[in-house]
Amino acid sequence: MEIKIRGLKKRYYSEGKVINALDGVDLDIEANKIFTLLGPSGCGKTTLLRCIVGLETPDEGEIQIGDTIVWSKEKGIYVPTEKRQLGMVFQTYAIWPHMNVFNNVAYPLQNMKLPKAEIAARVAKTLKFVQLEGFESRPSTRLSGGQQQRVALARALVAEPKVILFDEPLSNLDAKLREETRKELKTFLGDLGITAVYVTHDRVEALALSDTIGVMNAGHIVELGSPKKIYFDADHQFVADFIGRANLIPATITEQGEAYTFVDTAVGPIRCQKRSFAPDDELVLCLRPEFIEFGKVEGDDVNHLDGTISQMSFVGEMYETEVDVNGIRIMTKLDPMTRYNEGDRVTLNVKAEQCLLVSK
Ligand SMILES: Nc1ncnc2c1ncn2[C@@H]1O[C@H](COP(=O)(O)OP(=O)(O)O)[C@@H](O)[C@H]1O
Ligand SMILES: [Mg+2]
């Protein structure tokens, strides 16, 4: 089911101050796709999720799930959480340690007072789906972190919700398990094919899992798009910066050519992917380290930057390398087998199509 959010506002009052946790959110979440809310801590992600679920009452606006308006201040509509047909997985697994796996997963169905045989059949089916067949009588305390997470997922799915929502579900797992569980989750969600709303502050999770990412900052959705759109083609500095490592250099347009936009920057004149802006927009050039090549490559569409390698840090799969160009430190990458050294004079090449102009 799709989700429509209009003009959603939520204020908190804390120590005499007003916090605009949601400051007018408009958002359409497509049916049967994976949508991720990505943003820094405190930007309002959990608040938005809790408003959709019905655990939090907004101050203004409207929320529609499928054809049903579940909350509207103007129309005086409030549909309680249990009638919204949602499943939710929280940051802490929130599975009950005193219950075994079966009872944890069966809980929502027992609450609905379904017949015992039906509960058993649905729990079995769901446990099979999350690959925990045969774990029914295992005490929850005797599960690994990843297995506990799958129990939480099973419990969210067992009542066959129309939408499943996740609030940073992997953040309590260590790095390796986190990656494994993320991949599992991608498979589960792909097989499930229902609308999923996923909240995270982790850009890799967002990129890897989502059909669409909504980048949030300070109670607003700043930008919406596919992972590739957000990564390669962001409109705003905040988004370009949050989604990956980027050199961000203030720029002013000198000429709008037919194929390129020409700008002036502290690292020299640069030919960029063509883009139009409002006249008073402050612009920033975004150069991702992985698009910067060393050694001089000729070509009309290539920018050259001359500089000196100021720092190389070996981090395993590469050297994180900083090159000083006119006093500006440019983050780049070098192969671990590179023959370059600190202090070398180098020419950097960046293709115009990989020079992205964003607004500040
Ligand atoms: N119950 C609350 N009382 C007061 N302030 C709150 C409450 N819940 C959240 N906030 C504030 O609202 C803002 C958004 O919080 P939250 O939605 O939890 O952000 P996120 O999930 O993106 O980290 C933060 O500034 C947070 O401190
Ligand atoms: Mg949160």
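Which domains does the domain assignment of the protein give? In this predicted model, for which local features need pLDDT of at least 70, side-chain atom pairs count only at pLDDT 80 or more, and totals for chains, interfaces and linings use all residues, the assignment, automatic or taken from a database, gives domain 1 (3-232) and domain 2 (247-359). Residues are numbered from 1 along each chain as its sequence is written, while chains are lettered from A and ligands numbered from 1 in the order in which they are written. The centres of the two domains, taken over C-alpha atoms, are separated by 39 Å.

The shell around ligand 1, comprising residues whose C-beta atom, placed from the backbone, lies within 6 Å of the ligand, includes Tyr12, Ser14, Gly42, Lys45 and Thr46. Two or more residues each are given to this shell by strand E1 (3-14), strand E2 (17-29) and helix H1 (45-53), where helices (H or I, at least four residues) and strands (E, at least two) are DSSP runs numbered from the N terminus. The largest share, three residues, comes from H1.

Strand E3 (residues 34-38) is largely enclosed by the rest of the structure, because five of its five residues are buried, that is, have 20 or more other C-beta atoms within 10 Å of their own, with C-beta atoms placed from the backbone. Ile34, Thr36 and Leu38 lie on one side of E3, and Phe35 and Leu37 on the other. Pairing, which requires that DSSP find at least two bridges between two strands, joins E3 in parallel to strand E9 (residues 195-200) through five bridges, with Ala196 as the partner of Ile34. Four bridges, also parallel, link E3 with strand E10 (residues 212-217), in which Gly214 stands opposite Leu37.

Technical notes:
Buried ≥ 20, exposed ≤ 12 C-beta atoms within 10 Å, placed from the backbone.
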